Amino acid sequence: GVPMPLWVLWWNALQMLRPAFSRLQTFLWFATTVAGFTVRTEHMGVTSIVRALKLIPGCYGYLIKHMHSSAVRLNDLNALWTRIVLLFSSPIRVNGRRVLVGDGIKAPKRGKKMPGVKLLHQQSESNNKSEYITGHSIQAVCVLVQALNSVLAVPLGMRIHEGLVWSNRDRRTLLDKMLSLINILAVSEPFYFVGDAYYAAGKMAEGLLQDGNHLITRVRSNAVAFEPHVAQGPTKRGRPRLYGQKIALKALLNDTTGTQQMPSPVYGEQDVILSYVVRDLMWRPTGRLARFVAVTHPSRGSCLLMSTDTTLSATDIIRLYGLRFKI
């Protein structure tokens, strides 16, 4: 048969997003915008879309208005896009769960009148970055999918989460906003959320656990956990004690008795042997058991990982945290 032109396939895929727009005209401007992003060769905002599609100059103003149109239901668009991605891709599954990765980025911007631009503190340990920049603070969520012999992180949602103030009574933190973004995506099946040490917080874990999902993160080197309390003798009146001996998680790296070894499950690594220690300990931010894995890499140093799912193997915890960098 005659092969179907690429733009016809592109249009068929885009039409699935039509229900997220109140008016057909708005959807057509959206299609024009996506077509411009698809073929443009420069990064100059709306101007690059006009040039790429050879639009008349008057379209510039219409495209700008489209970006602010109330007929674009952005939350519905995110949920619809997520449903389509999960339906047609081959998502990675671990223990029957999909895997979402989240992260934040601070993108420098030079426009003085640009909405959402604010003074941001760079928390990176790199010496070649200035301590403060002006820019956008963005958080993003992606889903890990299998693509041929590789793994890709397909973006599901992204928002500017600092610098846009809708109400002076808004006391939400970046963790609250990340949870809100995950809820907007409306992922119908249980999943693991993989994040860096910033997301190793009780608020994040509880928000995921109450919906039946789990958190996998790195924890900071000064983090502590507790042995579960084992009652000896008759119990006293009052609330049962939960926490036993406090353990500095960094001390697990020097635990020679429980050390095990395995070939590195991290994507792209071969002939690398990792040393690791696994302990299920009480994590005070959630008041329940979590699985901690202290990993030592022969050349990259050590790392402390945590999973709120105590049935997840150390191999899977290390592999999933390694895939976080796909974002």
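## Cysteines

Cys-303 is partly exposed, because its relative accessible area of 23% falls in the range between buried (under 20%) and exposed (over 50%), as computed with a 1.4 Å probe on protein chains only. Cys-142, by contrast, is buried, with a relative accessible area of 5%. A disulfide is a covalent bond between the sulfur atoms of two cysteines. The structure holds zero disulfides, where a disulfide is counted as a pair of cysteine sulfur atoms within 2.5 Å.

## About the model

This is a predicted model, in which local features need pLDDT of at least 70 and side-chain atom pairs count only at pLDDT 80 or more, while totals for chains, interfaces and linings use all residues. Residues are numbered from 1 along each chain as its sequence is written, and side-chain values use heavy atoms, with hydrogens and water left out.

## Helix H5

Helix H5 covers residues 74-88, which makes 15 residues, and reaches 21 Å from its first C-alpha to its last. That span is close to the 21 Å expected at 1.5 Å a residue, the expected value being 1.5 Å times one less than the number of residues. Helices (H or I, at least four residues) and strands (E, at least two) are DSSP runs, numbered from the N terminus.

Which residues of H5 are buried? They are Leu-77, Asn-78, Ala-79, Leu-80, Thr-82, Ile-84, Val-85 and Leu-86. The buried residues of H5 pack against helices H2 (24-39) and H6 (174-185), and also against strands S2 (97-108), S4 (132-147) and S5 (150-160), with contact taken as heavy atoms within 4.5 Å.

## Aromatic rings

Rings of Phe, Tyr and Trp (its six-membered ring) pair if their centres lie within 6.5 Å, and planes under 30 degrees apart count as stacked, over 60 as edge-to-face and the rest as tilted. By this rule the count comes to ten aromatic pairs. One of them joins Trp-11 and Phe-27, whose ring centres are 5.8 Å apart with planes at 50°, so the pair is tilted. This pair links distant parts of the chain, since Trp-11 lies in helix H1 (residues 6-14) and Phe-27 in helix H2, 16 residues apart. Trp-11 is partly exposed at 29% relative accessibility, whereas Phe-27 is buried at 2%.

Phe-21 and Phe-30 form another tilted pair, at 4.7 Å centre to centre and 40° between the planes, and both of these residues are buried. Ring pairs link Trp-11, Phe-21, Phe-27 and Phe-30 into a cluster.
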